[in-house]
Amino acid sequence: MFGCDRPFVRVLRSAGISIFTVHLATPFSHFTLDYSDMDDPVIQQLQAYGACDVADALLRLGDQSGGFIPGLTQRSPLEGKGKLLGRAYTVKWQRYETGSKERKKNYKGHYIDLVPPGSVLFSAEPEGGLSQAVLGGLMGLTLAKNAVQGAVVYGRIRDLSELRATGLPIFSSGVGICASNEVAYPSDVDVPIILKTAYGVTIEVRPGDMIIGDENGVAVIPQAKERQVLELLPKLVEQDERVRRAIEGGETAGQAFKLRTV
């Protein structure tokens, strides 16, 4: 299910090489993120839950969006059943200025090589959208080679068969056939991203926020709400189980829903 089960990761482990203890200094000098998917207790606890469970918890906590990022579809694996769980490593795309191909970046090298093992690539196209793709097969291969958990692309992707061959859970808001290198470029990494969706919902994704995705959709958990979400999740799931048993036992939905106390 997760990147840590891929064969090349097991090979590295057998050689005594640890790849899941990455501490990455970000452009925000006041904190350091740990993208380890093996030791992060939040990830360990969230493995028992799905995106709908997380949305229910965030709604109870007053987040009217439920953390839901609308407009995304799971493109990989092909059957749409791969669960995605990890901390966001954000990439922001920018259009070239008219008549110029100058790249104003906050990093060196190729952005795809900077995505840490154990993290989730969260890539966002420029505001207004692109008809071109911002993630393709070669980028997906690099993510898999580097033990990244998967990707969420608020924009288009391409080379679906190649991306699916990686086995990574990948979500996007669209699919295309053209590369984006002639019209846009990844300008910033590890920065907050604000998404103004077509549904009138504004979502913020910050570096290190928890991303959870499955066949139902993708949700983001702000780091500041992780503890509250984890405390609430088992109560909500147990409550729904009581309601389910009541309905199966013959009660009406109206009667069963009165069992909800959280």
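Is Lys101 buried, partly exposed or exposed? Select Lys101 in this predicted model: the residue is partly exposed, and its relative accessible area is 47%.

To place the pair, colour the loops: Glu182 is in the loop between strand 8 (170-175) and strand 9 (184-189), while Lys101 is in the loop between strand 4 (84-95) and strand 5 (120-124).

Next, select Arg158 and Asp159. A salt bridge links them, and here the closest N and O atoms are 3.6 Å apart. Arg158 has a relative accessibility of 27% and counts as partly exposed. Asp159 is partly exposed too, with a relative accessible area of 29%.

Now go to helix 6 (residues 226-248) and select Glu238 and Arg242. Their salt bridge brings the closest N and O atoms to 2.2 Å. The two residues are 4 residues apart in the helix, so about one helical turn separates them. Glu238, at 35% relative accessibility, counts as partly exposed. Arg242 counts as partly exposed as well, at 26%.

For the last stop, select Glu241, Arg244, Arg245 and Glu248. Salt bridges with shared partners join these four residues into one network.

Technical notes
Residues are numbered from 1 along each chain as its sequence is written. This is a predicted model: local features need pLDDT of at least 70, side-chain atom pairs count only at pLDDT 80 or more; totals for chains, interfaces and linings use all residues. Side-chain values use heavy atoms; hydrogens and water are left out. Buried means under 20% relative accessible area, exposed over 50%, partly exposed in between (1.4 Å probe, protein chains only). A salt bridge is a side-chain nitrogen of Lys or Arg within 4 Å of a carboxyl oxygen of Asp or Glu.
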